[in-house]
Structure formats: structure tokens, C-alpha cells
Amino acid sequence: MQQRIDAYFADKETQLVEAVSRLVRIDSTIGEAKPGKPFGEGPAAALEEMLKLSAELGLPGANLEGYVGVIDLNQQETALHILGHLDVVDAGEGWTVTSAFEPKLVDGLLYGRGTDDDKGPMVAALLAMKAVKDLGVPLKKNVRMILGTDEETGFRDINWYYARHPYAPYTISPDADFPIINIEKGHYQPTFTAAWARETALPRVISLTGGPRLNMVPPKAQALVAGLTPAEIQAACDALALEPEITFTLTQREDGVHILCSGVGAHGSTPEEGHNAQTALVALLAALPLADCPSTRAIRALRDLFPHGDFTGQALGVAQRDDLSGHLSLAFTRITLDDTGLEGRFDSRTPLCANDENTRRVAETALAKAGFKVTGEIDPPHHVPAEDPFIQVLAKCYEMYSGRKSHCVAIGGGTYVHGIPGGVAFGASMPGFVSNLHGPDERVNVKDLLTAAKIYAQVILELCS
């Protein structure tokens, strides 16, 4: 069968690129809810295009009230769910090869927002279903592809679906990397607040705004400072001597000095891969000769609790690790401050060993000591033991077509299978490939994506024939 699958995909590269490009051209970031379009025009348009594509391939699907689409291979009892999403994060800045929604193929890499996360992998899985159908292998079970539209902003789509439909015996999500993601860390993403009487003291920070997304290391942050000159603030910038990826732009305005801090964004689960503009700006503001007022004390407390360059929660007191899932990661990603208070959030990915006692209560105590009120619970990690027979099937299929040895991996990111019994993230990027997920110049290796399609076809045959 491997030879037949290899032969089937020998001439499918152009088809794959064209299909992925059709989806990438649609800006499917979340938008305003409308009837039949609960997550806005963009995700709805991408869902309709994917269903149109599947119908052209002889695999008609259905739109379930705009929350998800479903595509079935046959009418048998379902054995396998393939979960992926068509919504994307915003374009962001810094694209160099092409713009975010204009796909471009360069040296075997297809660039564009969603090529890797998650439109490209979902097309690969769709072509795998098409391959199984065209090869005519008799199946005893069905595989259902579930096309989500709200993965980037809350999983409301998949929660809606599984509140109305049963889980499948087996579930994969092609929304990560190969080989097999059998552990997804937990999430601790609390909200903390402080309030004070309207301030008038000078010098002070009038406003502070951080990152746009909870799960993204902020590439930009900005503040307005009254009562200091640009020269005084520049002196503090120079004294900080942060890494060259962090820059400060000062602009004198009528109501104060505007400070724009630029860094490098990254996924919230891998904060060490970015340069956090928000923590850098907090570090600068805390170093300024500001008046002793509530906002100044709050900023300096945040500098101490979330120091620039602390990716493991050491200062907050929650740093920890275990052998299976690795270390806790932490990214301070959201803040809004004005004359009467502030609200902030951080994104931490917690290992199997983390719990309320050693994580949540420790963080709450540290924040409360600094004057903040805290709300938020830990979302537990997801773990499928490496010895599970389903894992062994996936390992076999991966090794057949990749020529690499399979093993299990723990990640800080969360996919649709988080919390789904027995579900694992499985592909579609090969180990070592840098896709720039959520960043500029997001891309996918087309040959690797074809290999992923072959792997998924074999998985369907192993589980459904």
C-alpha cells in the first residue's frame, strides 16, 4: 500500500499548492458575529471555501450553523476525527517575502498567513481522504474531518460541536509538529487588577498599553509619560542597555512623551523565541524618576514580578519542571493602565507537575502582596501515555513515510485535542522546520506537506479499513 500511496501523490504538488493558496487568500481573522457567522465574515468565508474545495474533490461536506464544517469519507460508524481550523491570527507586521494574505511559492516554501497554521495541514488531510477514496480500499469505518473557525480565540466552535456530537474512538489534530504530541501543557492565564483614585502627581505614567493577544509575546507596547523630557527618558533607555532587538521611539506630544517600544513577537508558549516589548517597556518605566503614586508603585511591582527576560516564572515563584513535560513557561502579554487603575494578564504553560498549591496559590500570593486582585484557574494539561496502542499506530505511519524515528513530544501550545479523550496532535510540520507560526513570513515546506498527506492517508487505512 505504501507504494500505491507514494505513486498517488507523485503528481499532487501543484494541486496542493493551489488548494492551500485559495484558503490563504481569505483573511479569516475573527470578526463581528453575524447570523450564521458566529465568528465573523472571515472565518465563515474560509469555511465555505474549504467546503467548496472538498465538494470539487468529490467529498461533499456540511456547514453546521457556521461553527464548524464536517466532511465524511463514508456513511459508516466514525472511528477517526481529524480536527483542524481555518481561522488565523492577524497579519501582524514585518512580512518580507509577500504580504500575509497573498500566498507565494519560493524555493519549495509556500508563504502566507495560515500556510502552516492551519490551512495547509487541513488541505493535506483532505487530500489524504481523497486519496483513500480514489485508491478504492474498502473501509469498515468512517473518518470525519471537523473544520473549526475559532481555534485562535477560544475553542467555542469545537466546544459547540462536542456538546452536540460524540467523541470518536480516535482523534488527531494536524495543528502542530511531527512526530507525536502526546502531552500538551496546562494553561494558567489569570487576570489581575488594581484600582486607585484619579492621579494628578507628576511625573507619572498617564497610560500604558501592551500586547494585543493573550497567547502572543507582544512585538509592540506603548506608554505616555507626563512631566519628563525626552532627554531624561532617553537617558534611562540608554542605561537599561537591553538587547538590540528592543528599541524605543520617543515622541514629544502636547500631553507628554509618547514611548513606543518595539520587540519581536512569538507564540505565547515559546516566549524565549521572542523579545517582549511589554516587559521591556515596563522595565523602562520602572526605571524613570516618577512620582511616588499608585501607578508608579504598580509598575515597579510588575517590573519585579515579570522582569524582562524571565521566561519561566522565576520571579513570580512558580518556576518548575518535570521529566515528561519539561519546564513551566511564562509570558507577560497583556496590560492596560490609565489614571484610575490597571488590568494585566500573563500566559503560562504548566507542566504535569503543576497544581493549585505550587502554581496558582503561589502566583496569587505574590500578586496580592504587590496590591493586585487575581482571578483565574489552571486549565489542566492533556496527556496520552506513549504506550497507548493508538500512539503506536501513528508512530508506524510516521516512520513509513518520513524515514525518521518516531517519539513522543510535550508542547506548551494547546490544540483542539486538549481535553478530548485519547486525542493527540500529529503533524504537519517535520521536526526542525521553522514555520514562523503566528509571525511574519509564515510558511510551509510543500514537500513535507505532501509527506504529511501520505501519513494521514495511511492512518486512515490503519484505523478505518
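The model examined here is a predicted one. About 170 Å³ is the volume of this second largest pocket. Strand S20, which spans residues 329-338, supplies the largest share of the lining, with 3 residues. By class, the lining of the second largest pocket comprises 10 nonpolar, 7 polar and 2 charged residues.

The structure holds 1 cavity of 30 Å³ or more, and about 40 Å³ of space lies in the largest cavity. Its lining is made up of Asp116, Ala428, Ser429, Met430, Phe433, Val444, Asn445, Asp448 and Leu449. Two or more of these residues come from each of strand S27 (428-429), strand S28 (443-445) and helix H11. Sorted by class, the lining of the largest cavity has 5 nonpolar, 2 polar and 2 charged residues.

Helix H11 (residues 446-464) also takes part in helix packing, and one of its partners is helix H4 (residues 119-135). The axes of H4 and H11 are 8 Å apart, and the two helices pack at an angle of about 50 degrees. H4 is therefore oblique to H11, and the crossing of the pair is right-handed. On the H4 side, the contact involves Gly120, Pro121, Ala124, Ala125, Ala128, Met129 and Val132, which meet Leu449, Ala453, Tyr456, Ala457, Ile460 and Leu461 of H11.

What angle do the axes of helix H2 and H11 make where they cross? For H2 (residues 13-24), the crossing with H11 is at roughly 100 degrees, and the axes come within 10 Å. H2 is therefore roughly perpendicular to H11. Glu13, Leu16, Val17 and Val20 of H2 form the contact together with Val446, Lys447, Leu449 and Leu450 of H11. Here the residues divide into 6 nonpolar, no polar and 2 charged.

Leu449 of H11 links several of these descriptions. This residue belongs to the contact with H4, to the contact with H2 and to the lining of the largest cavity.

Terms used. Residues numbered from 1 in each chain as written. Predicted model: local features only at pLDDT ≥ 70, side-chain atom pairs only at ≥ 80, totals over all residues. Heavy atoms only, no water. Axes fitted to C-alpha atoms, helices over the stretch in contact; angles between N-to-C directions. Helix = DSSP H or I, 4+ residues; strand = E, 2+ residues; numbered from the N terminus. Parallel < 35°, antiparallel > 145°, perpendicular 65-115°, else oblique. Left-handed = near helix turned anticlockwise from the far one by under 90°. Contact = heavy atoms within 4.5 Å. 1 Å grid on protein atoms, 1.4 Å probe; cavity = no way out; pocket = protein on both sides within 12 Å on 5 of 7 lines; lining within 4 Å. Points joined across faces, edges and corners; volume = space filled by probe spheres on them. Nonpolar A, V, L, I, M, F, W, Y, C, P; charged D, E, K, R; others polar.
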